[in-house]
Amino acid sequence: MSTGTTKLDVVVSDVVPVNELVTRFHFRRRDGGLLPTFSGGAHVVVEMRDGERTRLNPYSLMGSPLDTREYTISVRRDDVGRGGSLFMHRSVKPGLEMVISYPVNLFSLDLRAKKHLMLAGGIGITPFMAQTAQLAGEGGNFELHYTCRTASLGTYADVLQQRYNRRIRLYHDDREERIDLDRLLSTQPLGTHLYVCGPAGMINWVRDRAASLGWPPETVHYEHFAAPQPGLPFDVTLAVSGKTIHVGEQQSLLEAIEAAGVDPPYLCRGGVCGQCETNVISSDGKFIHNDHWLSEEDHRSGCKIMPCVSRFEGKSLVLER
Amino acid sequence: MAAKTIISRPIYGALSAQPGKHHLFIADAEGALAIVDMAKTAPPGFFDGAEIVFIPGPDGKHVAALEALKPAKVHAAPSFASLLPRLKQTLTNAHMGLRLYLSGTEGLIGQAMQVALEAGIDHTSMQTEHRGSLARRMQCVHCKGITENVTTQPATCSHCGLLLLVRDHYSRRLAAFQGVCINAEDRSEIPPVEEAFP
């Protein structure tokens, strides 16, 4: 179960195609009341009941935190993913009753910053929609640099430019426009905080350059939900609950544990928050760590695993769960 | 080295060269030696982009040792108060990539940190190293007056004259330890005064 969070019973109030890949979903409370307050950068975990199967995927809230009559998320269709985004695009229609988690923020603004420098890549724009709305409401100082493949795939680029004008800088891959990252990072006033959300490669590049150019780690914030990667099926023994489970090719270890009726804690389901960290009692084989939570040392030790995104290949695995 | 007693009591490390484009050192008295020691392991060319602001102790020593490191600039100042406007100006015009190194007495580290915090540098992003006197900068919690260079326990407030217990409770915002009246019940009770922070 999700740690410390209660579920919200919502109804889909609107479904709006944004471009050829992205669709926006609006949720309201079924009882008509206000939704819980959230801050820019927060996400919710959406429960997708797809026949026999339940998927739980995290999505950033992209509406203004000043308006809690509804929550909005934008979902990019991934035709080769594990099916969550396809389910959202194909099966979720206005009027559908769904369950989502309370919002959780693992990518919040540091409001002590003198300035907020935001770097978005592709669908990584969504948390910044909420953060810019929050900052604009408080007169905050921000600047957003947004890289997208083409103008038509620049989700919300038009809305952002209309709202914030010159605070928004766009870079289109198809026009060979590239961020001059070193220059950008070297010309920011002292007290600036950096936020980056986008593909893993972009996040690694930005974090690496920022560190080299003398940005202290406390000033660099990033969010990357690693979608659980499919892989070879494997068997796991859960020592505490005395069960042996099978993890399917398209299933995450966490999902398989849940399907067996065991409820481990979780929050982000994307290898970021650390809630589902699980001790390994014994193993004979190879871990495939995909999380951003455990240290490299933890990864090498083979004593811990993040079941939301990481897998195992080998003869046997026994977990303290 | 000061021992950790309560959570607000600052602990200091040893200066180490950080990645960055500019390096600003602020030191007093024997704090200079922390910079000299750090220089032994700093990468070549590190001091090319460094500025050292130094407040010599009463003995006037260590200026030459700092100049020998060949930093871009060495600035000797008579007191912290006298260099404050200049420091604020430097930080106001600075960019991300500037790294701050503070070494010397706790009073100097604390006051420089206070200015840097206001400029938007997180306290965990600064390098600090304590050298020299353990004398404390103390705020009287009763009259709010600051007393510099407190070496005794208890200590007399230089403003209101109350006899104060110098606590380990530290305020980063004020850059001072808190002093609380030690004999509030009976002012005629005078506990022995010890040299606690030499």
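How many bridges join strand β9 (residues 155-156) of chain B to strand β10 (residues 163-171) of chain B? The answer is in the first view. This is a predicted model, where local features need pLDDT of at least 70, side-chain atom pairs count only at pLDDT 80 or more, and totals for chains, interfaces and linings use all residues. Residues are numbered from 1 along each chain as its sequence is written, while chains are lettered from A and ligands numbered from 1 in the order in which they are written.

**View 1. Two hairpins share β10(B).** There are 2 bridges between β9(B) and β10(B), and the two strands run antiparallel. Strands here are DSSP runs of E with at least two residues, helices are runs of H or I with at least four, and both are numbered from the N terminus. Two strands count as paired if DSSP finds at least two bridges between them. A155(B) has L164(B) as its bridge partner. The β9(B)-β10(B) hairpin has 6 residues between its strands, and G161(B) in the turn has a positive phi of about 85°. Next, β10(B) pairs with β11 (residues 176-181) of chain B, again antiparallel, over 5 bridges. Here V166(B) is partnered by G179(B). This hairpin has 4 residues between the strands, and A175(B) takes a positive phi near 55°.

**View 2. Five strands of chain B make an open, parallel sheet.** Read across it and you get the order β3-β2-β1-β4-β5. β3 (73-76) and β5 (127-130) are the edge strands, each pairing on one side only. Between β1 (residues 22-28) and β2 (residues 50-55) there are 6 bridges, and F25(B) stands opposite I52(B). Helix α1 (residues 31-39) of chain B lies across β1, β2, β4 (98-104) and β5, running at about 140° to β1(B). For such angles, axes are lines fitted to C-alpha atoms (for helices, over the stretch in contact), and values run from 0 to 180 degrees between N-to-C directions.

**View 3. Helices α3(B) and α4(B) pack at an angle of about 35°.** Their axes are 10 Å apart, with α3 covering residues 80-92 and α4 residues 106-118. Among the residues that meet are F80(B) and L84(B) from α3(B), and L108(B) and V115(B) from α4(B). Being in contact means that C-beta atoms, placed from the backbone, lie within 7 Å. The contact divides into 7 nonpolar, 1 polar and 1 charged residues. Nonpolar covers Ala, Val, Leu, Ile, Met, Phe, Trp, Tyr, Cys and Pro; Asp, Glu, Lys and Arg are charged; the others, Gly among them, are polar.

**View 4. Chain A meets chain B.** On each side, 17 residues are in contact: 17 of chain A with 17 of chain B. Helices α4 (181-186) and α5 (200-212) of chain A each supply at least two residues to chain A's side. That side has 8 nonpolar, 7 polar and 2 charged residues.

View 5. Most residues other than glycine have a negative phi, and most peptide bonds are trans. R269(A), though, has a positive phi near 55°, and R269(A) is buried, with 28 other C-beta atoms within 10 Å. N149(B) also has a positive phi, near 55°, but N149(B) is partly exposed, with 14 such atoms within 10 Å. Buried means 20 or more other C-beta atoms within 10 Å, exposed means 12 or fewer, and partly exposed is in between, with C-beta atoms placed from the backbone. Finally, the peptide bond from Q153(B) to P154(B) is cis, with omega near -10°.

Notes: Contact = placed C-beta atoms within 7 Å.
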